[in-house]
Amino acid sequence: MNEQIGLEQNQLLQILQAIPEAAAVYSYADLTIAFANEGMLLLWGKDQDVSDSTFEAVLPEMAGQPFTGLLKEGWFIGKTC
């Protein structure tokens with residue numbers, strides 16, 4: 001049996017909110033933060049005010065660092081680490 005199970009966006013966000021691991025969802029190629037769970041906010045040392053800001057605006061110390069490039073590479077070509 002090859003059935004696909006689809007998740008609604010709000011269901012996915014509920015799952016990501018519930019997991020203990022840090023997770024974030026970006027909505028545009030400039031890495032605009034659409035969602036960050038409590039684990040990610042704790043890691044970043046930020047609160048929910050990060051939504052709709054870009055990754056580098058929230059974490060300016062990451063500008064020009066390899067990690068930002070890896071995130072963008074994942075966005076553009078789907079490459080995972």
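Biologist: Where is the place of asparagine 37?

Modeller: Asparagine 37 sits in the loop between strand E2 (33-36) and H2; helices (H or I, at least four residues) and strands (E, at least two) are DSSP runs, numbered from the N terminus. This is a predicted model, where local features need pLDDT of at least 70, side-chain atom pairs count only at pLDDT 80 or more, and totals for chains, interfaces and linings use all residues. Residues are numbered from 1 along each chain as its sequence is written, and side-chain values use heavy atoms, leaving out hydrogens and water.

Biologist: Does asparagine 37 count as buried or exposed?

Modeller: Buried means under 20% relative accessible area, exposed over 50%, partly exposed in between (1.4 Å probe, protein chains only). Asparagine 37 has 0% relative accessibility, so it counts as buried.

Biologist: Which backbone oxygen does the side chain of asparagine 37 reach?

Modeller: A polar contact is a pair of N or O atoms within 3.5 Å; within protein, one must be able to donate a hydrogen and the other to accept it, and residues adjacent in sequence count only if both atoms are side-chain atoms. Here the side chain reaches the backbone oxygen of glutamate 21 at 2.8 Å. A polar atom of that side chain also lies 2.9 Å from the backbone nitrogen of methionine 40.

Biologist: And phenylalanine 76: buried or exposed?

Modeller: Phenylalanine 76 is exposed, with a relative accessible area of 58%, and belongs to helix H4 (residues 66-77).

Biologist: Which elements have the lowest and the highest mean pLDDT?

Modeller: pLDDT is the predictor's confidence in each residue, from 0 to 100. H4 has the lowest mean (86), and helix H2 (residues 38-44) the highest (96).
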